[in-house]
Amino acid sequence: MAATHAGSGRVIEAADTGSVWSHQCSWEDLFVPTDVDMGSSALDLGDGWTRRWTVSWRAGGDDTSCSVHDLVQEPVLTSAPMRHFTWRRDQRHRPGLQFLTSTGRHHGAESLEESRVLLALDFAGEVVDVVSQPLKIFFATCGKRSAHTPDYLAVTRRGVWLLDVRPEPLIKESDRDSFAAAAEVAVACGWRYAVTARWREHAFAGLDAMASRRRLRSDPLGLRPVLLAEAAGGRRFGELAAATGCEPVARAQLLHLLWSRQLGIDLAGPLQDRSLVMPAGETGR
């Protein structure tokens, strides 16, 4: 597993170095989260804090707000992004739209890192819907008011995630208070929270390769049943592709079967011809 979760719903521990089978993993197995408790000491969490802290979101072109205490009763999951996604020639980040097969829609991302989080959610997050920049949190710290806008609210079949995306080298001390505040709001609402700060080694490279064939809808040569049958008990990626007699097309179909989790590989290592491919329900030893 990539992380363990405290009873509060916070991600608190990093991953071990074991296998990450793509057909069995959850999306949080793919990244190493950052510790969000470091900023908690600066927060005003005295009695009644959920009524003093407020949250605003945008719906129908208008801004709406309420206390954190009342947030769970509000329709935040249908909100529009709090900020517009902008493009200009000299900007250092790369905003864009990421298509999710799980929702059938494009979702906004302000950077390549955010696009990668959306891709991981689409692959293994059991996603129902995702809202970009869903709300702004106004919280108290050290006698002053601060504000923070988390990057995503992801509704999954296993619960709701409030997410921030920040690569480890870019995390500043001032960010830690915001992350801790977002974690407290998530706990108060019964959500889970994480800061995606670093991918497990090799995990995203394999995921990116599979995603290149995620929308491959047709199988005119009928290779998928052959590949699924040949993979029983475990076969190497290169051997499977060569066994069909139509290797280039088989490689594309293999990547699609891996994306759809009908087959699996160990994402703890690089995806290559030597990678062991297992059918769904089986795991390599």
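The paragraphs below turn to a helix contact, then to a histidine within that contact, and then to salt bridges. The model is a predicted one.

The account begins with two helices. Helix 6 spans residues 223–230 and helix 8 spans residues 247–259; their axes come within 10 Å and cross at roughly 70 degrees. Because angles from 65 to 115 degrees count as roughly perpendicular, helix 6 is described as roughly perpendicular to helix 8. On the side of helix 6, the contact is formed by Leu223, Arg224, Leu227 and Leu228, while helix 8 contributes Val249, Ala250, Gln253, Leu254, His256 and Leu257.

When residues up to four places away in sequence are set aside, histidine 256 touches Arg213, Arg214, Leu216 and Arg224. Arg224 also belongs to the helix 6 side of the contact with helix 8.

The description now moves to charged pairs. Across the whole structure, a search finds 14 salt bridges. One of them joins the side chains of aspartate 273 and arginine 251, with an N to O distance of 2.9 Å. This pair links distant parts of the chain, for aspartate 273 lies in the loop between strand 13 (263–264) and strand 14 (276–279), whereas arginine 251 lies in helix 8, 22 residues apart. Aspartate 273 is partly exposed at 41% relative accessibility, and arginine 251 is likewise classed as partly exposed at 24%.

Another salt bridge brings together the side chains of aspartate 129 and arginine 105, at 2.9 Å from N to O. Here too, distant parts of the chain are linked: aspartate 129 is in strand 6 (residues 127–132) and arginine 105 is in strand 5 (residues 105–109), 24 residues apart. The relative accessible area of aspartate 129 is 22%, which makes that residue partly exposed; arginine 105, at 38%, is also partly exposed.

A further salt bridge is formed by the side chains of arginine 52 and aspartate 44, at 3.2 Å from N to O. Arginine 52 is partly exposed at 36%, and aspartate 44 is partly exposed at 30%.

Notes: Residues are numbered from 1 along each chain as its sequence is written. This is a predicted model: local features need pLDDT of at least 70, side-chain atom pairs count only at pLDDT 80 or more; totals for chains, interfaces and linings use all residues. Side-chain values use heavy atoms; hydrogens and water are left out. Axes are lines fitted to C-alpha atoms, for helices over the stretch in contact, and angles run from 0 to 180 degrees between N-to-C directions. Helices (H or I, at least four residues) and strands (E, at least two) are DSSP runs, numbered from the N terminus. Angles under 35 degrees count as roughly parallel, over 145 as roughly antiparallel, 65 to 115 as roughly perpendicular and the rest as oblique. Contact means heavy atoms within 4.5 Å. A salt bridge is a side-chain nitrogen of Lys or Arg within 4 Å of a carboxyl oxygen of Asp or Glu. Buried means under 20% relative accessible area, exposed over 50%, partly exposed in between (1.4 Å probe, protein chains only).
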